[in-house]
Every structure is written in C-alpha cells, then in structure tokens.
Amino acid sequence: MDEQLFLKGFHGKGVHVDTSTVFDGLDWQKAGEKPENCPHSVWETLFHMNYWQDFMLSYLKGKTPKSPEHASESWPDSPAPASEEEWQSAIVHFLDGLKEGEHEAAKDLLEQGFGGPERTRADCLLSIMLHNTYHAGQAVFARRTIGAWPPPSGGDTW
C-alpha cells in the first residue's frame, strides 16, 4: 500500500468521477431537493461525508473523537442548506479534508495508534476513501435524478 493508492482513491481515478468534482456547479437550492424514493438530498450527503471525513481525520491529528450515539447525528437536520454561503462553505470544507487526507497519505502509512493501538494511518485513510466513494455515488445518483448531472467539469451519463 502506498501514497498513490490513496491519491487515486480520493479522486476515483480510473474508477469513477473525481470525488472532488461531485458537487461542482450545483445550485445550493437544487442541492436541497430530495428526489422521490431517494433517502437523502445532495446537501445531506455532503454534510454526512464531511462529518465522517472530519471524524477520521481527527484520529490522524492525535485526537479521540466521540462516536455518535445514533447514526442520525451524522446527518443534518434539514434536507437543504440554509444559504449559498453554507453550501459553498461545506464544499470548501470537504475539499480541504481531501487535501488533508492527501497530506496524511505522504506520511508513514503503517504508523499505528490512531483510534486504537493497532489502527494504522492507512486504516483511517482507507475508511475515508471508501466512505467518500460510497456516498459520492449516492450524490451523483441524486443529481441525475433531479436533472443536475453532469457537473460543468463533465462526468459519465450512462
């Protein structure tokens, strides 16, 4: 396992649309639309991705985050952001977290002690990568359902 695995994985290179572009060009009000039979809006998904990305990155900073009692705590109270500023801030926060993950991937991946004596830096980064990949797919699906895909940067439409 090496740094390149995480750099490619954080961005879906060769597998899916770049995770860092999933939210590009989406109007903040459209981000709050919850498609029929879809459990979450794009806003809710981004909020959730930020929550868990922050959670795992905090381990890498030597902190011990408190696990939520219920999964609902990692989702927002509203399906929509309150404003354009809140939406844009959440996107910037997500992208900053990806950059932090990339920075962590350049360190010793086998170093242990991140949230448990045997949990490695790679374990934490793998959690971020897989969680983001899973929910990026949900965000793309929701965007397609509300007629807001692909983003300006492009993306598969099949």
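Helix axes are lines fitted to C-alpha atoms over the stretch in contact, and the angle between N-to-C directions runs from 0 to 180 degrees. Helices (H or I, at least four residues) and strands (E, at least two) are DSSP runs, numbered from the N terminus. This is a predicted model, in which local features need pLDDT of at least 70 and side-chain atom pairs count only at pLDDT 80 or more, while totals for chains, interfaces and linings use all residues. Residues are numbered from 1 along each chain as its sequence is written, and side-chain values use heavy atoms, with hydrogens and water left out.

Q: Why is helix 3 called roughly antiparallel to helix 5?
A: Angles under 35 degrees count as roughly parallel, over 145 as roughly antiparallel, 65 to 115 as roughly perpendicular, and the rest as oblique. Helix 3 (residues 42–60) and helix 5 (residues 121–145) pack at about 175°, their axes being 10 Å apart. Helix 3 is therefore roughly antiparallel to helix 5.

Q: Which residues make the contact of helix 3 and helix 5?
A: Contact means heavy atoms within 4.5 Å. Helix 3 contributes residues including Val42, Trp52, Met56 and Leu60, and helix 5 contributes, among them, Arg121, Leu125, Ile128, His131 and Ala139.

Q: How do the residues of that contact divide into nonpolar, polar and charged?
A: Ala, Val, Leu, Ile, Met, Phe, Trp, Tyr, Cys and Pro count as nonpolar, Asp, Glu, Lys and Arg as charged, and the others, Gly among them, as polar. By this scheme the contact holds 13 nonpolar, 7 polar and 2 charged residues.

Q: What makes Asn50 buried or exposed?
A: Buried means under 20% relative accessible area, exposed over 50%, and partly exposed in between (1.4 Å probe, protein chains only). The value for Asn50 is 7%, so Asn50 is buried. Asn50 lies in helix 3 and touches Ala90, His93 and Phe94, residues up to four places away in sequence not being counted.

Q: Why does Trp52 count as partly exposed?
A: Trp52 has a relative accessible area of 23%, and therefore counts as partly exposed. Trp52 is found in helix 3. Leaving aside residues up to four places away in sequence, Trp52 touches Pro68, Ser74 and His131.

Q: What makes Glu111 and Arg121 a salt bridge?
A: A salt bridge is a side-chain nitrogen of Lys or Arg within 4 Å of a carboxyl oxygen of Asp or Glu. For Glu111 and Arg121 the N to O distance is 2.9 Å. The pair links distant parts of the chain, 10 residues apart: Glu111 is in the loop between helix 4 (84–105) and helix 5, and Arg121 is in helix 5. Glu111 is partly exposed at 35% relative accessible area, whereas Arg121 is buried at 4%. Salt bridges that share partners join Glu104, Lys107, Glu111 and Arg121 into one network.

Q: How do you know that Glu104 and Lys107 meet in a salt bridge?
A: The N to O distance between their side chains is 3.1 Å. Glu104 is buried, with a relative accessible area of 8%, and Lys107 is partly exposed at 36%. Another salt bridge joins Glu33 and Lys30, whose closest N and O atoms are 3.7 Å apart. The count of salt bridges by this rule comes to 6.

Q: Why is the pair of Phe55 and Tyr59 called edge-to-face?
A: Rings of Phe, Tyr and Trp (its six-membered ring) pair if their centres lie within 6.5 Å; planes under 30 degrees apart count as stacked, over 60 as edge-to-face, and the rest as tilted. The ring centres of Phe55 and Tyr59 are 5.5 Å apart and the planes stand at 90°, so the pair is edge-to-face. Phe55 and Tyr59 both lie in helix 3, 4 residues apart, which is about one turn of the helix. Phe55 is buried at 9% relative accessible area, and Tyr59 is buried at 10%. A search of the whole structure finds 8 aromatic pairs.

Q: What makes Asn37 exposed?
A: Asn37 has a relative accessible area of 77%, and is therefore exposed. The place of Asn37 is in the loop between helix 2 (28–31) and helix 3.
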